[in-house]
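Here is a short report on the fold of one protein model. Please keep the sequence and the 3D view open while reading.

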Amino acid sequence: MASIHDVAKEAGVSVATVSKVLNDYPDVSDKTRKKVNIAIELLKYQPNVVARGLVKRRSWTVGVLLTVPFTNPFVSELLEGIKTALENSGYDLVRLSTRFDDPSYSFIKHCRSRNVDGVVVFGEGRENKSIQELIHAEIPTMFVDTDLFGKRAGYITTDNANAIGMSVKHLYELGHRRIAYISGTLGSAVANLRLDGYKEGLRLCDIPYSTIYLEECDYSFDGGGKAARRLLALKDHPTGIVCASDMSAFGAIQEIERHGLRVPEDISVIGFDNTYYAQVFKPGLTTINQNIYSIGIKSIEYLIAMVENPDYTPPVVTEPSNLVIRHTTAPVPE
């Protein structure tokens with residue numbers, strides 16, 4: 001196995017120069033850098049990552065904190081985007097576990113013990129004190145759908161309010177006036193913004209807001225089914241339902257069909273996420289596309305920019321969304 005001394009000899013330079021090339025020091029000419037890289041390739045030299053990390057005080061590892069099950073299709077697509085962004089970055093990924101129910105537990109200490117250069121966080125609300133500590137610890141962090149930011153932390157999310165507003169408008173234009181909303185767990189920034197979008201959508205359509213058409217669930221299939229069951233028990237049940245996730249929309253559709261009703265002939269349903277399953281579900285789900293894969297890629301790109309440049313200003317990014325019309329919405333039944 002070739003050593004750094006072998007590379008230096010092959011390139012006709014000092015060991016110190018090879019080290020500078022490996023660690024991206026700027027005071028090396030392009031000609032010398034090229035000679036060293038050719039020698040590295042010729043000898044198939046593998047740098048000692050641990051030693052390199054000691055020099056640059058980096059581990060070339062980023063952590064991801066996900067408190068949502070991996071079986072959730074949103075998480076699957078988010079991770080695909082993260083994986084794609086990391087493939088040619090030189091960084092590896094480690095999943096960070098948590099013990100938030102343990103009062104003595106410190107997430108900051110856990111991050112430092114794993115020696116991660118930065119963290120992507122998804123699935124935790126801003127009220128979590130362990131998560132808020134990331135802001136003050138100045139560990140480079142990108143939050144997904146959590147509105148926290150600071151000197152070394154940014155966040156990325158979807159244009160949630162306008163997205164739900166688009167859904168309400170679509171149903172209104174199809175003639176629906178009894179439009180219900182199955183929200184996510186209220187209290188988080190995302191859930192609150194989507195509820196605001198529902199209320200604003202109704203206002204713009206001149207439809208009075210009524211809490212009887214609002215149900216809350218946990219974004220899950222079972223939660224969507226239970227919420228739909230309560231809505232269908234109303235004397236004047238809705239003719240259109242907007243859901244805060246694709247999974248809750250699937251659950252709602254199953255419950256509607258269990259009641260002997262049809263989607264979309266009797267009740268129209270709209271989801272949120274545009275996961276892969278929205279395309280293959282029968283009937284194809286009308287839903288909000290929020291570019292999950294792209295959010296995964298950008299969260300890593302922004303994170304690495306923070307890691308590699310201490311002066312980089314952490315971004316606050318709102319990704320655009322659009323309504324994808326398939327086969328679960330139709331004109332209101334006569």
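Which residue in E5 is the bridge partner of Val144? The partner is Ile156. Note that this is a predicted model.

## The parallel sheet

Val144 and Ile156 are bridge partners, and their strands sit in an open sheet of six strands. The order is E2-E1-E3-E4-E5-E11. The pairing is parallel. Strands of a sheet pair through backbone hydrogen bonds, either parallel or antiparallel.

Two strands lie at the edges: E2 (92–95) and E11 (316–319). Each of these pairs on one side only. Neighbouring strands of this sheet are turned against each other by 20° on average, direction ignored.

Inside the order, E4 spans residues 141–144 and E5 spans residues 153–158. The two run parallel and are joined by four bridges.

## A helix across the parallel sheet

Helix H5 covers residues 73–86. H5 lies across E1 (61–66), E2, E3 (118–122) and E4. Its direction is at about 175° to E1.

## The mixed sheet

A further open sheet of six strands has the order E7-E6-E8-E9-E10-E12. Here the pairing is mixed. The edge strands are E7 (214–216) and E12 (322–324), and each pairs on one side only. On average, neighbouring strands in this sheet are turned by 20° against each other, direction ignored.

E9 (residues 268–273) and E10 (residues 286–289) pair in the parallel sense. Four bridges connect them. Which residue in E10 partners Ile270? Thr286 is its bridge partner.

## Helices on the mixed sheet

## A nonpolar surface patch

Which residues form a nonpolar patch on the surface? They are Tyr276, Tyr277 and Val280. Together they have about 310 Å² of accessible area.

Tyr277 is found in helix H12, which spans residues 276–280. Is Tyr277 buried, partly exposed or exposed? Tyr277 counts as partly exposed because its relative accessibility is 43%.

Methods. Residues numbered from 1 in each chain as written. Predicted model: local features only at pLDDT ≥ 70, side-chain atom pairs only at ≥ 80, totals over all residues. Heavy atoms only, no water. Patch = residues over 30% accessible without salt bridge, like charges linked within 9 Å, V, L, I, M, F, W, Y side chains within 5 Å. Areas by Shrake-Rupley, 256 points an atom, 1.4 Å probe, with all protein chains shown as cover. Salt bridge = Lys/Arg side-chain N within 4 Å of Asp/Glu carboxyl O. Buried < 20%, exposed > 50% of the residue type's maximum accessible area, 1.4 Å probe, protein only. Pairing = 2+ DSSP bridges. Axes fitted to C-alpha atoms, helices over the stretch in contact; angles between N-to-C directions. Contact = heavy atoms within 4.5 Å.
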